[in-house]
Amino acid sequence: GRKPDTMSNGSSINKIWIALAIALIVLAVAIFGAYAHYLPKISDDHTAWSSFGSLLSGVFTLAGVLATIATLLFLNAQNKNQQGFIEWQKQAMTFDQYINHRKLFLERLSELQTVFDNKIRFHNPERLYNSLFPDNLPTNLHLTAKAIRTGEKENATGSLYNMLERINTDIDRAQWDDSSVRSFVYDLLMIIGFMQVEWVGENTDGDILAKGKNTGINIYSLDEFLGRCKLIFNSFLFYTGNPLFEGFGKGNPRYISKALIA
């Protein structure tokens, strides 16, 4: 946010004090002018002196009220100025935290690419960050983003959870048909899309292609692909503050591998 204009607020406060000073000066001149003008004529009139004293008392009471009002106005203006500055500080701090949070996430993606010998790359890190932290903005930051796995509000993290859980269940199946194989492969491809992962390593025999591009899924070493997905997804889960995924600990899924080969 824009830094609050403290100069304009200070100018308003100065105007309050200047107006009060002028009012008090005019009041003093009027009172003491009247005092100097009428004193010779009423110096022996005790009743007039008493009335004049009451007048002075009332005038000074009014002056005290004006001073109190001016002080309250001054404190109110000062408080607004302070509140505006505090709000600006909060916005600036949120912006800095957002930049650092996103920067750390992008650095983690680079580390993951290195872990896999740069055979993968995240082709749209910004979109990936926004999908995992959909509520984050330069003016609004959430350090965690819970996975929503059901209903219309299902988010990207929740969708990945569901797909990986389905795959973890499916790899134990002994019977496969064309429909179940297609559904299984569809989930694999969707996981790649949600993770924004692109295979840039060498092509090998058994690789699955989609639209002419290597997906990084190999029917002879499907467990390697699933292990890679698990590591990447658990990194996302850790960063978003969600429980880690515990699946894919059963070794090579030989039944689905045979189904894919057939």
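Reader: Happy to begin! What is the handedness of the crossing of H4 and H6?

Author: Welcome, and please keep in mind that this is a predicted model. The two helices are H4, residues 156–170, and H6, residues 222–240. Their axes come within 12 Å of each other. The crossing they make is left-handed.

Reader: Are H4 and H6 roughly parallel or antiparallel to each other?

Author: Their axes cross at roughly 150 degrees. Angles over 145 degrees count as roughly antiparallel. H4 and H6 are therefore roughly antiparallel.

Reader: Which residues in H6 does H4 meet, and how many residues of the contact are nonpolar?

Author: From H4, the residues taking part are Thr157, Leu160, Tyr161, Leu164 and Ile167. On the H6 side they meet Leu226, Cys229, Phe233 and Leu237. By class, the contact has no charged residues, one polar residue and, for the nonpolar count, eight.

Reader: Which residue follows H6?

Author: H6 has 19 residues and spans 27 Å from its first C-alpha to its last, close to the 27 Å expected. After H6 comes a residue whose phi is positive, near 80 degrees, and that residue is Gly241.

Reader: Is His101 buried or exposed?

Author: His101 sits in helix H2, residues 46–115. Leaving out residues up to four places away in sequence, His101 touches Tyr129, Phe133, Asn136, Leu141, His142, Leu143 and Tyr239. Its relative accessible area is 8%, and under 20% counts as buried. So His101 is buried.

Notes: Residues are numbered from 1 along each chain as its sequence is written. This is a predicted model: local features need pLDDT of at least 70, side-chain atom pairs count only at pLDDT 80 or more; totals for chains, interfaces and linings use all residues. Side-chain values use heavy atoms; hydrogens and water are left out. Axes are lines fitted to C-alpha atoms, for helices over the stretch in contact, and angles run from 0 to 180 degrees between N-to-C directions. Helices (H or I, at least four residues) and strands (E, at least two) are DSSP runs, numbered from the N terminus. Angles under 35 degrees count as roughly parallel, over 145 as roughly antiparallel, 65 to 115 as roughly perpendicular and the rest as oblique. A crossing is left-handed if the near helix is turned anticlockwise from the far one by less than a right angle, and right-handed if clockwise. Contact means heavy atoms within 4.5 Å. Ala, Val, Leu, Ile, Met, Phe, Trp, Tyr, Cys and Pro count as nonpolar, Asp, Glu, Lys and Arg as charged, and the others, Gly among them, as polar. The expected span of a helix is 1.5 Å times one less than its number of residues. Buried means under 20% relative accessible area, exposed over 50%, partly exposed in between (1.4 Å probe, protein chains only).
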